[in-house]
Amino acid sequence: MWAEYGRLLSMLWRTDTYILLVILLVQLTGSMLLVPVLPSLLADDFATARLNNGTVLHCGDYEPSAAPEACVLAHGDVVTWSTTSGFFQNAVFSILVSPALGAWSDAHGRRPVILLSQMLSVAPIAVLILHMSGVTRLCWIYVVQAVTQSVSVIAPSLAYMSDRIDRDDRAAAFGLIIASFSVAILIGPPIGALLPLHAVPYATLLMLAAAVVGTAVFLPESGRNAGDDANDALHPGTQRSSMRAGFVNALQILRRSPLFVKLTAILVITAATGEVLQDMLIQYLQLQLGFTPADTSIMFMVLGAGALLVQGVLLHMLLKWMGETRLLLVGLVVGGLQQMFLVLATSKWQAIGAVALGSLSSVTFPTISGIKANNSSSQEQGAVQGALYGARALASGLGPLLFGFIFRLFVDEHPGLPFLLGSVLLMGAALIAWTLDEERDGGVDVQRVGTTSEWRGVEAEALLRSELPHAT
């Protein structure tokens, strides 16, 4: 086991991909500084707007049972604005932008897309600073995020790893990217909770600026060069097909085999239910259990520690022991149990325990990405990851819109209903994962030869021909 870890770490060092992990850690930690303070600021902003009499409400000053009606309804307002913003961000903008940027990065490189994402992430922080200065309402942050966050750093980072990491280690390498999020969740919120409120957005800006400089100065380019004559000769028409990639091409990628269809269905369910946690969890816990910014910080520390253990230590070992399909199944079942336990929680420690249990569900996205990457040629990694992220974005927009409507409708009596529905859907996704044929569909028979992009195996050739019709 330790030899496998050593080989993976050696590969990260040899290929300079560790630089990307450090940059992601800095960027994401900066973003996580806002986690303890932003939900409360949003609830206060909407509650104050509901009063509309000049009185500034601080909803955190009240016990859940004694909270003014404006504060109770404000939690529903936050979820409504958040899910509506997420719909436009994910289901409208990202579904079109991500595949196109993925295809563009296949020809021109990953670094420009990563830089673009980092620079756009500054805009929501500017809105927060203006709100804290009394210039504008904080609700405008959702409008800005709907546009700027449609360019995600995740898809080009996954493609960057695919360019440089051997196919057998890709799922584990993808897990390290998710582990960067976990470390950021572990250290960002407690730092944000300790900082003075007025200093938090400026500290975030400083860390985002450091990430931009790191990408521009230290990160070597990794994307496939459009002038790679050897690869173009092996796959005529690939460059032309990749450059036309967009929404239609993304659909072709996602439906090109029974394996891809099933994995896409699982990805859609996990993305929709995962966004329920992201958009509603803190508001739900504030409303039901009286979570404070300190409680939120502790919860995210537990979440980060658990996910870091899973992604940074256990994932590689579990992949070798269980295989991608079985591990995917376990992750889905655990995710369903997590959402069920959140509904049943009657104390803060029970809710935090449910979040800790759900850390194991973080294996789903890297295993899905790894399976699909291993059934794709080296020239199309950006397009594949862009299509994956586009499908994930569509579900991340439509799912919470539905769940948010349910939450707002039942916020007075049954606010946990969206989590119950999410649990049922995840168990359904587990049933789909149960039907996967890992030996036939997982690509174990596919081999990449030498340093070229030539793939062997009947299944791989069929998949490649269906995606690249001009090569036939």
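Predicted model: local features only at pLDDT ≥ 70, side-chain atom pairs only at ≥ 80, totals over all residues.

Biologist: Is Trp13 buried or exposed?

Modeller: Trp13 is exposed, since its relative accessible area is 60% and the exposed class begins over 50%.

Biologist: How many aromatic pairs are there?

Modeller: Rings pair if their centres lie within 6.5 Å. The count comes to five aromatic pairs. One of them joins Trp13 and Tyr18, with 4.8 Å centre to centre and 15° between the planes. Planes under 30 degrees apart count as stacked, so the pair of Trp13 and Tyr18 is stacked.

Biologist: Which arrangement do Trp81 and Tyr142 form?

Modeller: Trp81 and Tyr142 form a tilted pair, 6.4 Å centre to centre with 40° between the planes. Trp81 belongs to helix α4 (residues 69-108) and Tyr142 to helix α7 (residues 140-148), so this pair ties together parts 61 residues apart in sequence.

Biologist: What is the relative accessibility of Trp81, and what is the relative accessible area of Tyr142?

Modeller: Trp81 is partly exposed at 35% relative accessibility, whereas Tyr142 is buried, with a relative accessible area of 7%.

Biologist: Which residues do ring pairs link into a cluster?

Modeller: Phe46, Trp81 and Tyr142 are linked into a cluster by ring pairs.

Technical notes: Residues numbered from 1 in each chain as written. Heavy atoms only, no water. Phe/Tyr/Trp six-rings, centres within 6.5 Å; stacked < 30°, edge-to-face > 60°. Buried < 20%, exposed > 50% of the residue type's maximum accessible area, 1.4 Å probe, protein only. Helix = DSSP H or I, 4+ residues; strand = E, 2+ residues; numbered from the N terminus.
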